[in-house]
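Please read it with the coordinates open.

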Amino acid sequence: MILNRLNKALRQSLIILIFTVMIAIVFNLLRPADIALLGFSSANLIKQRQAQILEISLSEAHDLYLQKKVLFVDARDPLSYEEGHIAGALNIYPDEAALYAAKLKTNNYRGVLIITYCDGPQCPLSKETAYALLRQGVPEAKVLVNGWSLWIKAGYPVKKGRE
Amino acid sequence: MIMRNFHRIIVPLCSLAYRLILAIIFYYAGIEKIADPGEFAVAIYNYQLLPDLAVNALAVILPWLEIIIATCFVAGFYVRGAALISSALFLTFATALTINLVRGLDISCGCFGAASGNINWFYLGRDLSLLFMSIFVMIYDRGWRAVFILRSTK
């Protein structure tokens, strides 16, 4: 009895599914605001979103640094980090964001702004790390463009080795 | 007499009521999503569970599936099949929600189009109660006859 019902339900659901797929595809083709069925590109979306990440100026970042309201995140590779980084900075490469996100979401970091940086005005790593952290649920992250060069030029505190 | 028939009356009536509630919810959810498939695709992507290739296809098909299931529920046509699909959908939503709540992602639910709030445990509870209703309908539905059963037993 139950098997019979299930069998019937399965058959009906299959018919509904086929019918739905046909209607959905036809409707999507006909509507002016159609979207490409297989054409979703997360790469484009990520680029768009990275472009929306806020930047911060060196002076603002340094002010916050003096007030200890900031956590610098060095998005460069570990070797460059060990050769020298902003004092107190963590080293988080973009694909390591998931490992650190849980820690950065704890109460210890409440009210602390995360600022990512790398080296050179075109360097994409800082934006990638900031984006990856935001995507992991970190509340706020900004980018200090060309951060490392600006920081040493200004003569602000740096540190060598691991933290 | 009424007490003895209580189960026979109340179950089909419940099932009918659940069916109509599910229908209203599916209509609302479906229409909101059909209005802007691009936006819904982004909501699906945010769950970080599907490959790029599947995202737009799901964004196009899922809203229609919701509308057609709702229509089946209202019309009393293919109700068992529709209830089976709706149970499967709610089970899938529940899994996707749980995974991302555990991951701690702060993303839009996408339940009723782009404007719906961010995921939280309340949504999971709501989803599970809808899952219960769907399964109930799949097992006990007697169609609009439920109303006539009530009349004939009076």
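1. Basis. The model is predicted, so local features need pLDDT of at least 70 and side-chain atom pairs count only at pLDDT 80 or more, while totals for chains, interfaces and linings use all residues. Residues are numbered from 1 along each chain as its sequence is written, and chains are lettered from A and ligands numbered from 1 in the order in which they are written.

2. Make-up of chain A. Chain A holds 7 helices and 6 strands; helices (H or I, at least four residues) and strands (E, at least two) are DSSP runs, numbered from the N terminus. Their order along the sequence is α-α-α-β-α-β-β-α-β-α-β-α-β.

3. Overall dimensions. The radius of gyration of chain A is 24 Å, whereas a compact globule of 163 residues would have one near 15 Å. This radius is taken over C-alpha atoms, and the globule rule is 2.2 Å times the number of residues to the power 0.38. Along the principal axes, the C-alpha atoms of chain A fill a box of roughly 75 × 40 × 30 Å.

4. Domains. Chain A is split into domain 1 (2–40) and domain 2 (44–159), with bounds that come from an automatic or database domain assignment. Taken over C-alpha atoms, the centres of these two domains of chain A are 45 Å apart.

5. Burial and contacts in chain A. Of its 163 residues, 30% count as buried. A residue is buried if 20 or more other C-beta atoms lie within 10 Å of its own, exposed if 12 or fewer, and partly exposed in between, with C-beta atoms placed from the backbone. Among contacts in chain A with a separation of 6 or more, 71% join residues 24 or more positions apart; a contact means C-beta atoms, placed from the backbone, within 7 Å.

6. The sheet. In chain A, 4 strands form an open sheet in the order S3-S1-S4-S5, with parallel pairing. S3 and S5 of chain A are the edge strands, each with a single partner strand, so one side of each has no neighbour in the sheet. Pairing here requires at least two bridges found by DSSP between two strands.

7. Strand S1 of chain A. S1(A) (residues 70–74) is largely enclosed by the rest of the structure, because 4 of its 5 residues are buried. S1(A) runs parallel to S4(A) (residues 113–117), joined by 5 bridges, and Leu71(A) has Ile114(A) as its bridge partner there. With S3(A) (residues 90–91), S1(A) pairs in the parallel sense over 2 bridges. Val73(A) stands opposite Leu90(A) in S3(A), and Asp74(A) has Asn91(A) as its bridge partner.

8. Positive phi. Most residues other than glycine have a negative phi. Lys68(A), not a glycine, has a positive phi of about 55 degrees and lies in the loop between helix H3 (58–66) and S1 of chain A. Lys68(A) is exposed, with 9 other C-beta atoms within 10 Å. Asn146(A) also has a positive phi of about 55 degrees without being a glycine; its place is in the loop between strand S5 (141–144) and helix H7 (147–153) of chain A. Asn146(A) is partly exposed, with 18 other C-beta atoms within 10 Å.

9. Contact between chains. The contact takes 28 residues from chain A and 27 residues from chain B. On the side of chain B that touches chain A, H2, H3 and H4 of chain B each supply at least two residues, and H3(B) has the largest share, with 12 residues. By class, that side of chain B has 20 nonpolar, 4 polar and 3 charged residues. Ala, Val, Leu, Ile, Met, Phe, Trp, Tyr, Cys and Pro count as nonpolar, Asp, Glu, Lys and Arg as charged, and the others, Gly among them, as polar.

10. Cores. A nonpolar core is a set of buried Ala, Val, Leu, Ile, Met, Phe, Trp, Tyr and Cys residues joined through C-beta atoms within 7 Å. The largest has 46 residues, and those with the most contacts inside it include Leu22(B), Ala41(B) and Phe73(B). Elements giving two or more residues to this core include helix H1 (2–30) of chain A and helix H3 (52–75) of chain B; H3(B) gives the most, with 14 residues. Apart from this core lies another, of 30 residues, among them Ala61(A), Ile114(A), Ala141(A) and Val145(A).

Definitions and conventions
Contact = placed C-beta atoms within 7 Å.
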